[in-house]
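Please look through the structure below with its confidence, packing and backbone in mind. The paragraphs that follow take these topics in turn.

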Amino acid sequence: MSRHDRYDAIIAGAGHNGLTAACYLARAGLRVLVVEKNDWVGGAAVSRSLHEGWTYSNCSYVCSLLRREIVRDLELPRFGLQVIPYEGGASFTRDGDYFAYFSDHDALRREMARHSPADADAYARFSQTVMRQCRFIRPFLLRNAPDPASLRPRDMGELLFLIRKAHGLGRRELAETLRFWTLSIGDFLDEHFQSDLIKAHLAGSGIIGTGLGVYSPGTAYVLLHHYMGDVDGTIGAWGFARGGMGAISNALAASFQEAGGTIVTGSGIDRFLVSDGRVTGVALENGDSYAAPVVASNMDVKRTFLKHTDRKHLPEDFIRAVERFKIRGSSGKLNIALDALPDIPAAPRGAPFLRGDMHCSTSLAELERAYDDWKEGRWSAEPYFDMLIPSQIDPTMAPKGKHMMTVFVQYAPYDLEMNGVRSADNWNDDTRKAFADSVFDKIAQAMPDIRDRVVHAEIRSPWDIENEVGLTEGNIFQGELTFDQLLFNRPVPGYAQYRTPIAGLYLAGSSAHPGGGVMAAPGANAAREILRGLGKAGRMPDHAA
Amino acid sequence: MPPDATGAGKGAFDVVLIGGGHNGLAAAITLARKGRSVCVLERADRPGGMARSSEPAAGAHVPEIAHLLYNLDARVARELGLGLLLKSPPIPAVSLAPDGRHVVIAGDAARFADGTPHPDAPAFGELNARLRRFAGLLGRLSLKSPPRFDGGLASLATMGEMAALARLGLDLKRLGKHEMREFLRILLGNAHDLVLDEMADGPLAGAICADAVRGNHVGPRSPGTVFNLMYRLGSGGAVRLPEGGMGAVCGAFEQAARAAGAEIRTGCDVVRILVENDAAKGVALRDGTTIRAGAVLSSAGPLQTMTLAGIGHFDVEAVRRARNLRCKGTVAKLNLVLGAAPEITGLRGDLAAGRLLVAPSAVAVERAFNPVKYGELPAEPVIEAVIPTLTEPSLATNGRHILSANVQHIAHTPRGGWGDAARNRITATVLSQLERHMPGLKGLVEAAELLTPADIEARFGAPGGHWHHAEMGIDQILTLRPANGLAHYRLAVHGLYLCGASAHPGGDVTGLPGRNSARQLLKDRIL
């Protein structure tokens, strides 16, 4: 028997953004339904147990960007969310050396000086610039991006806010901000540092998740996107969600359910129901349909409109704009169950930096070549990876004495090239295994016994991520973070404020401003716009201050 | 002002200009016409810089570096008395296709060389027209000193300086919502996506992408390349081979400067800028001569200029920024003297006189960019070639022809250095690539001259051997050109100005940095 209930609002997709929007709406007194295609909630912020005793953070794996205002508003700690900061990180060379990153300033200075005294001096200038940019951008995350082509008072007001903030930077810094946003992370690092290894260590944040190389202009902003979060007020710090990233989604879901919300899992959206240019509800793949005057899609903009909306309800140039929105799969993921901590001969046993993010890339040129491989449809012969063993800090992730390792790999193409043909169909067990082998070969640079430690490994290509989570091409940000797709351009100029050409249908996912990462800002912003549209703006907590 | 600062003494000038390239000459014209006594000092034995021609074989005149005129603004040309240069008709571009289906591009029109319509012609026409429209708006920012943010955005002084930006904002609003949004979307985008969103990959897409990366250290996938494309289109996008060849262009600049009363001295190698009490007072030459002046304009790069004046005169921050200038030259020039005109497979004679592009696809242009990032040499570089003797037979005697090719992307200095092997390899690579379309070309070559970016730096003083003295990236334009804090031609030493391509608005044979710098000097009333 199929169900046909009625709600005040429906959220399509139980990712962290969908759940965040749902929470705010439910707390504002709306009857809210969340529908999810998988049997579990969380989208790309999930913890799943694919091998008995171990918990993987299958997709996203560390936490920093999640806006503290949202954590507070939705009382996530009360629902079990605990973020534990990790202390540092390291990049290992082929010849047994390493560069270690410490959150302790003096330790970091000493370690930098070991590689290059000049770099130790330059680091203060580098981090000052990055921090200044972070402080500049953070107030914009929970606001609408102004539409410069609009003369509506609200857009003018937002534009004025932007100008006032820009003015507050002072003359040099304003110009410096324009420069920073358009520079490549490679060039930015080259003008500060000399050591190839230090540069390689710092550059990773500029390319994670993007179809850009370290020398592509605009990647300095991508670095910023990874630095603008915080853990317990420490800007730029990252941490583990206790119990894996699913803890965030689970806390959101619990908060939502306490506020009276309903979650239905196990069947995805077939299509959004539209009548006379207004959304009227959703039809699910299992035949159920639900009615509501407001629907928010947590899916990316391409999936929402090109797969689940009848084209006849959309203007032609909107469809064109959605088609050319760039969502490029560029990352893969390995989740590994280990029977013991791997041996790391280069580092002192139990060194604190081993509990942070570990890498094996040693120069910007190596990273750039990894990108060149991806452009040709190949996974990187020398991949960049961001590798962590969270079970060292969070014992809930693995049985006692055993460990769980997460390896985020850049780059892996969605449309893999085989024998001259580029297609996602080329991802199969053989290619997945070959991809994982190339990663293990490089991990062995730091951990020679890694292959012997593996009990189980989940290998995820961009195709797998798309298939399971629903992210187009497996792109972790629901759309490239290039300037033509940020702020008022995200996802489509003229539709950058969560509204769409269909009245009542909103975008609540990372395709909308301010973009991806487990930030939850798009979800909160979408909820604010929905409540405003319903004349209930007063029921949304005010983040403007 | 101390009395000697006027520079009015015997043998002294109001202004001395370092470098007799087209920008130095444009500055000289502007100043001399305002009645200032001006002396241009050129290190080489003739002025013209990268716009001059040379004679690698007796009787054959090749454009040494710049071989086409495409960004000279009509108003500026008239103002400088160079209007004649824009009289010759624009030439088409021909994107050579591996399968012989060459694509001819003239203005907003594209077709196959055999006259049949190109399937992507309508999309190209629309795209090019839009880019030209946007470029026209941006082009207006080129005519003034870049906007300043001094004193914050709200001060009256800044409001004045911001007038040009405000005008741009108004012009954008006037385009209508849709076009304004499109402008803001694509402004910082990359050429690869812009083009492939509209058409299939092939020689037409390749040609656009090649133009988007020309002269710069970028590939078509690099964000910012749409801006580069628009910069090229800033004066309408017409590409000309002026009557008399490119030699006539620097000849015209030189004549206009002399006619305005400027003195041009060649063979003068400036080794020092004289600084007294933090003010520029003239220059010292290698032969020991000093030439005193009330102000010094330098066509050299910012770091080179600072070094000439003594690096200690500048604050650490300014020097650091000058040192970090992004200026990796990527274009090599191959000049060939040919015994006869080469046949081009599948191309009529008059089209052979066009701008010949070897850029078979957007993907191929990106691939041609890859090796330079690692100091390696490309196997299949992107080439822009012209055979100016087909239009102007007098450039070479005895029925010979010249072929001038810009080759991209070539590292300033490849790993292992520029030995004969590396040089010969590049020449052979380019000849083989051209030979595919010009059978028998190798047999016609009587003389060949290869200028690598390293040669260009040594011969013309261009920082990094970069065409534009500083990369034309979004992070190095307007208020950021050449660097944040150095953007208004003035340097910290009183009376010392930058007037070369590293200054706003940037490279190409425009004369604008020189002209704008001269106008800034006049406006500052220090003479």
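In which loop of chain A is Pro491(A) found? Pro491(A) is in the loop between helix H16 (462–469) and strand E23 (505–507) of chain A, where helices (H or I, at least four residues) and strands (E, at least two) are DSSP runs numbered from the N terminus. The peptide bond that leads from Arg490(A) into Pro491(A) is cis, with omega near -5°.

This is a predicted model, in which local features need pLDDT of at least 70 and side-chain atom pairs count only at pLDDT 80 or more, while totals for chains, interfaces and linings use all residues. Residues are numbered from 1 along each chain as its sequence is written, chains are lettered from A and ligands numbered from 1 in the order in which they are written, and side-chain values use heavy atoms, with hydrogens and water left out.

The confidence of the predictor in each residue is given by pLDDT, from 0 to 100. Chain B averages a pLDDT of 93, and 95% of its residues score at least 70. Over residues 1–10 of chain B, however, pLDDT stays under 50, and the model has 13 contacts beyond four places in sequence for them, a contact being heavy atoms within 4.5 Å. Where pLDDT is low, the predicted coordinates should not be read in detail.

The packing can be followed through the nonpolar cores, each a set of buried Ala, Val, Leu, Ile, Met, Phe, Trp, Tyr and Cys residues joined through side-chain atoms within 4.5 Å; buried means under 20% relative accessible area, exposed over 50%, and partly exposed in between, with a 1.4 Å probe and protein chains only. The largest nonpolar core has 192 residues, of which Phe92(A), Met405(A), Val407(A), Ile443(A) and Met447(A) touch the most other members. Helix H8 (residues 203–213) of chain B gives the most to this core, with eight residues. A second, separate core of 71 residues includes Ala256(B), Ala257(B), Tyr497(B) and Ala503(B). Apart from neighbours within four places in sequence, the contacts of Met405(A) include Leu334(A), Ile389(A), Ile443(A) and Met447(A).

Helix H14 (residues 362–369) of chain B shows how burial is arranged along one element, with Ala362(B), Val365(B), Glu366(B), Ala368(B) and Phe369(B) as its buried residues. Seen down the axis of H14(B), these residues fall within an arc of 160°, so they line one face of the helix; the arc is that of the directions from the helix axis to the C-beta atoms. Their cover includes helix H13 (364–375) of chain A, together with helix H7 (191–196), H8, strand E14 (382–386) and strand E15 (401–408) of chain B.

A pair of aromatic rings is described by the distance of the centres and the angle of the planes. Rings of Phe, Tyr and Trp (its six-membered ring) pair if their centres lie within 6.5 Å, and planes under 30 degrees apart count as stacked, over 60 as edge-to-face and the rest as tilted. By this rule there are 25 aromatic pairs over all chains. Phe126(A) and Phe188(A) form a tilted pair, 5.5 Å centre to centre with 40° between the planes, which links helix H4 (residues 117–137) to helix H7 (residues 185–190) of chain A across 62 residues.

Arg369(A) lies over the face of Tyr374(B), at 3.8 Å from the ring centre, and Lys328(B) lies over the face of Tyr215(A), at 5.4 Å from the ring centre; a charge sits over a ring if NZ of Lys or CZ of Arg is within 6 Å of the ring centre and within 35 degrees of the ring normal.

Most residues other than glycine have a negative phi, and most peptide bonds are trans. The bond from Gln410(A) to Tyr411(A) is cis, with omega near 15°, and Tyr411(A) lies in the loop between strand E19 (403–410) and strand E20 (416–418) of chain A. Asn277(B) has a positive phi, near 50°, and is exposed with a relative accessible area of 78%, whereas His469(B), with a positive phi of about 65°, counts as buried at 9% relative accessibility.
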